[in-house]
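Welcome, and thanks for taking a look at this one with us.

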Amino acid sequence: MGYTIAQKIIKNHLVCGEMQVGEEIGLKIDQTLTQDATGTMAYLQFEAMGIERVKTELSVAYIDHNTLQAGFENADDHRYIQTVTKKHGIRFSRPGNGICHQVHLERFAVPGKTLIGSDSHTPTAGGIGMLAMGAGGLDVAVAMGGGTYYITMPRMIKITLNGHLPPMVGAKDVILAVLKMLSVKGGVGAIVEYAGEGVKTLSVPQRATITNMGAELGATTSIFPSDEVTKAFLKAENREGDWIELFSDADAKYDEEYELDLSTLVPLAACPHSPDNVKPIAELAGKKISQVCIGSCTNSSMLDMLTVAAMLKGKTVHPDVSLSISPGSKQVYTMLAQSGALADMIAAGARILECACGPCIGMGFSPKSAGVSLRTFNRNFLARSGTADAEVYLVSPETAAASALTGVFTDPTTLDGVSVELPEAFLVNDNLVEMPATVEEAGQVCVERGPNIKPIPVGKAPEKDLRCSLILKVGDNITTDHIMPAGSKILPYRSNVPKLSEYCFTVCDPTFPERAKAQGGGVVLGGSNYGQGSSREHAALVPLYLGVKAVVAKSFARIHVANLINFGIVPMTLQNPDDYELFAQGDEIQIEGFADAVAGKTEATLVNLTTGAKAVLCLAFSPRQREILLAGGTLNYTKKSK
């Protein structure tokens, strides 16, 4: 039997385990990336391991999230990251160089290699044929130290693309169609591969848009073949030597297969407050809007920017609309300026933001009260924009530009179309990527730490018998934005867990932080797909600080369950999801023999001491994960293993 693209890369990087779906496997990681919202904690963890030099082929630290410097905190974190990476052999992408995923795709991603990043949209590099996965910062730190990265062997999903996109229908519409078809839970435990004749019609930036938002499917990652289109892109980046041809075998077997005819697609929008709440723009046509944001790691490539500039040229943004545009990288920004496209955007009334994540992570440009915002981003979770009562829709750059001009939802296929092409050669200038010190020089580098950087909380071994309060009950599809919100007011405290804890779960319950402190923690009960969204490990680290000992849910998102285990919080699922109704917030609960269950049992009984109800919990851990939990987390486990 042949192999899929992903299986080929996994096979070539397999350190331990069997390539059987559902089994834990360990992978050798070639490259890592971090960004500044998660990077400070990742490098503190790397330092705690006592490893002097990074052991990957390439590791890059990007500054792209916390770029709004309204106080000293973000600037201090940037300086810490700059000095700690210089000391330990990691490249440093300075503020202004661009969004990590866009820059990595342009300058560093390599077909057939493995990449993990402390950002859930790391699968962007799958657009170039790389096995790229989001991970918690601690997992990235371990990989930088030469450690193995563990995942559950995914099942394989094949999506065959036929035909070609009609004019003014974009790659964003492709992934929105896939989300409508599969939902935000449809890719959990799977790798999504794209195949078919339609693949040849998509450029690498278009493919990257699709793999980027594959994260919203809950997928482990998404990947495209590495073909002649890939080769042409790498040649344009002066990296043709990194190219290899990579396809699935003709007799490769997939667990699920779907087909999508690109020629039948229409402009789509993900409606509030989920990326899979997808409707045709035609159904929303005429609805007034107040804001449009174009950019993010999903849609900030040269292709996207040129398309938007061509649509805006000679026109003026509607007076009721505030339009922001964020180029994805310095390369894109400079080429827009040189070509005159940037001037067309400015003349139309666009507000040009820096090459950073910006509004996507809630870092400025929040909508007005009850505003309607169209964004080319990847997430529209409740309050993520910074305005709790805003209506946020996810759309293509084509739809965004068309609607910015008219002031209402506008189907771009009803307007005069534009056609743009990628340049044959990109402007290559890596002057904002700092190389690390040599081994000989590293001893002279002083790592600078600002006063906002606080020690990392460390977990404890599970209690023999767990008896505590059910401190919080939440519903389905709870995201890491619910657990640990982002935004300009909160992100500066990513390296200060005590301060950050004041915001934990406040989207769901403003009283949670104070209640958790007063009660000494407890257990959280969630619905299905608990912890979807961002890879931010703070969504586990901060609950640990507040005393959360375990999380019970109907089901978990992949990265979040790994983060919980990394910090010694025990994730367990309800054997019968209907038992969720047997428990209420505030109930006293008990698990007898809790530590023994973690050590070696697959089931435990959760008793509601308030009502007498009982539920069976499933503990699906590998032997390695059990050892980590018994040690109180990966940091303790690593120290004990030395």
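Does N477 count as buried, partly exposed or exposed? With a relative accessibility of 25%, N477 counts as partly exposed, because buried would need under 20% and exposed over 50%. Please keep in mind that this is a predicted model.

**Backbone points to check**
- N477 sits in the loop between β21 and α15 (480-483), and its phi is near 55°, a positive value in a residue other than glycine.
- S183 also has a positive phi, near 80°, and is not a glycine either.
- You will find S183 in the loop that runs between α6 (171-182) and β10 (190-195); its relative accessibility is 22%, so S183 counts as partly exposed.
- The peptide bond between P272 and H273 is cis, with omega about -5°.
- H273 belongs to the loop between β13 (268-270) and β14 (278-280).

**Helix α2**
- Helix α2 covers residues 36-48, 13 residues in total, and spans 18 Å from first to last C-alpha, close to the 18 Å expected at 1.5 Å a residue.
- Eleven of those 13 residues are buried, so α2 is largely enclosed by the rest of the structure.
- Among the buried residues of α2 are D36, T38, M41, Y43, Q45 and F46.

**A charged surface patch**
- E463, D465, E592 and D596 together form a negative surface patch.
- D465 lies in the loop between α14 (439-442) and β21 (466-473).
- The relative accessibility of D465 is 39%, which means that D465 counts as partly exposed.

Key: Residues are numbered from 1 along each chain as its sequence is written. This is a predicted model: local features need pLDDT of at least 70, side-chain atom pairs count only at pLDDT 80 or more; totals for chains, interfaces and linings use all residues. Side-chain values use heavy atoms; hydrogens and water are left out. Patches are made of residues with over 30% relative accessible area and no salt bridge: like charges are joined within 9 Å, nonpolar side chains (Val, Leu, Ile, Met, Phe, Trp, Tyr) within 5 Å. Accessible areas come from the Shrake-Rupley method with a 1.4 Å probe; for residues, only the protein chains shown count as cover. A salt bridge is a side-chain nitrogen of Lys or Arg within 4 Å of a carboxyl oxygen of Asp or Glu. Lys and Arg count as positive and Asp and Glu as negative; His and the chain ends are not counted. The place of a charge is taken as NZ of Lys, CZ of Arg, CG of Asp or CD of Glu. Helices (H or I, at least four residues) and strands (E, at least two) are DSSP runs, numbered from the N terminus. Buried means under 20% relative accessible area, exposed over 50%, partly exposed in between (1.4 Å probe, protein chains only). The expected span of a helix is 1.5 Å times one less than its number of residues.
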